[in-house]
Amino acid sequence: MLIHNATVVTWGAANAVLPGHAVLIKDGHIAALGPDAQLLKAHAHEVKLDAGGQLLMPGSICAHTHFYGAFSRGLAIPGPAPKDFPEILRRLWWPLDKALDEKSVRVSALIHLVDAIKNGTTTLFDHHASPNFIDGSLDVIAEAVAESGMRAVLCYEVSDRDGEAKAKAGIRENNRFIERMRREQPAGGRLAAAFGLHASLTLSDETLDACRAALPDEAGFHIHVAEHESDQEDSLAKSGLRVVPRLAKHGILGPHSIAAHAVHVDAAEIALLAETGAWVTHQPRSNMNNGVGAADVEALLAAGVRVCLGNDGFTQDMWSEWKAAYLMHKVWNRDPRRMNGAEVARMAVHNNAALAGSFFGGAPLGEIAAGARADLILVDYHAPTPLTAGNFPWHILFGFEEGMVTATMVKGEVLMKDRQVVTLDEAEIAAKARELAPQVWERYTRFATGNP
Ligand SMILES: [Zn+2]
């Protein structure tokens with residue numbers, strides 16, 4: 001396929017904005033990038049897609065999300081509003097994940113996948129929990145991902161919070177799925193696996209060791225780290241160590257591991273995160289919603305930590321997460337110089353692309369260049385001022401909106417065209433979710449009020 005009549009935004013090591021350019025796609029990869037006239041002449045018989053002057057960009061990447069949370073939208077938490085993050089976990093997320101069965105896990109994933117296609121987010125790192133449906137849960141999500149045509153890295157969050165049997169089942173599920181991916185997913189496939197862990201505060205030393213022992217060396221962990229002070233208090237009480245050294249001691253942090261949040265880490269922990277090579281993900285909308293504070297992202301980046309951008313299960317519109325990151329640090333520090341647009345792009349574009357590339361191997365992701373993977377979007381944005389490689393992040397921060405994405409493509413396959421999702425039936429999925437929601441909410445309410 002030849003996409004022509006586009007303004008190509010390449011990202012990659014040196015961003016370029018190229019009006020009147022075309023991209024040739026072959027076998028799921030970008031085969032050529034060049035001026036319209038040149039490529040139209042050289043590939044006259046190729047199937048063509050006229051971009052109509054829109055921006056052609058790499059799809060967005062989300063480094064940390066939770067497909068399982070779709071049924072929380074509009075849900076009433078019984079009793080007074082939770083006063084802090086530990087209460088939010090106990091009264092919202094833990095009863096809700098217990099309420100999920102096979103059908104609701106599938107539909108919850110599909111809701112997020114539709115949202116991601118519509119918002120041009122083409123690679124997603126999911127972190128799943130459904131303690132009453134553990135065995136096979138990652139297969140159900142994988143099937144939804146395959147149906148959607150998206151690219152995703154899946155894991156199941158191991159936790160001791162529901163007892164030893166469920167912790168062991170979580171370990172088995174990660175191991176089984178990692179093995180399945182190794183067997184079935186060729187290099188260049190759309191699915192990959194990590195090994196999920198909830199957070200230090202719900203994991204014993206024995207379970208951490210069991211997870212480490214169960215993980216093949218080249219796979220990585222995906223775990224919440226110091227999202228709230230309670231994670232540090234618990235870790236100090238359990239081990240005499242803060243969270244990052246505790247996890248490092250048990251071999252959980254390494255160059256393939258993802259530490260979500262890192263809001264409450266001290267300078268020594270930042271240095272240790274840099275030393276281990278672990279990825280850190282930043283989720284500003286979630287941090288604000290939970291009132292947990294703001295991670296010192298600039299200090300993490302300055303220390304050499306590879307900080308990525310996730311959304312923690314908020315909408316899959318990553319440009320909203322860009323804006324939240326850009327704004328939150330300014331108000332938190334009372335300083336408009338904090339978290340400039342280039343730093344947001346460093347996380348959301350460059351570090352996210354490197355993270356995704358490390359899980360999918362081989363060809364680069366998240367850039368437009370010959371040989372890169374054809375995960376692309378068309379954006380209907382008419383710039384009112386000059387659009388340059390240097391000022392592009394500020395066009396996103398101040399000009400881009402949800403709904404500007406008109407086409408989404410993964411591995412060269414069109415998943416949305418002219419704002420119509422073609423791989424999934426959005427109305428049918430939403431109808432199915434509305435049909436299941438009352439049952440999910442009823443089970444949630446029983447778990448939340450202690451009457452299971
Ligand atoms: Zn999370």
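Modeller: Donors are N, O and S atoms within 2.8 Å of the metal (3.2 Å for Na, K and Ca), and sites may look incomplete because water is not among the atoms. Four donors count as tetrahedral if all angles lie between 85 and 135 degrees; four count as square planar and six as octahedral if opposite donors are over 155 degrees apart and all others between 65 and 115; anything else is irregular. This is a predicted model, in which local features need pLDDT of at least 70 and side-chain atom pairs count only at pLDDT 80 or more, while totals for chains, interfaces and linings use all residues. Residues are numbered from 1 along each chain as its sequence is written, and side-chain values use heavy atoms, with hydrogens and water left out.

Colleague: Which residues coordinate the zinc ion, and why is the arrangement irregular?

Modeller: His64, His66 and His224, each through NE2, and Asp312 through OD coordinate the zinc ion at 2.0 to 2.2 Å. The four donor atoms subtend angles of 92 to 163° around the zinc ion, and therefore the arrangement is irregular. His66 belongs to the loop between β6 (60-65) and α2 (85-98), whereas His224 is in strand β11 (residues 221-225), so the pair ties together parts 158 residues apart in sequence. Helices (H or I, at least four residues) and strands (E, at least two) are DSSP runs, numbered from the N terminus. Both His66 and His224 are buried, where buried means under 20% relative accessible area, exposed over 50%, and partly exposed in between (1.4 Å probe, protein chains only).

Colleague: What is the order of the strands in the open sheet of five?

Modeller: Two strands pair if DSSP finds at least two bridges between them. Here the order is β10-β11-β12-β13-β14, with parallel pairing, and the edge strands, β10 (195-199) and β14 (306-309), each pair on one side only. Strands β12 (residues 258-261) and β13 (residues 279-282) run parallel and are joined by three bridges, with Ala259 standing opposite Val280 in β13.
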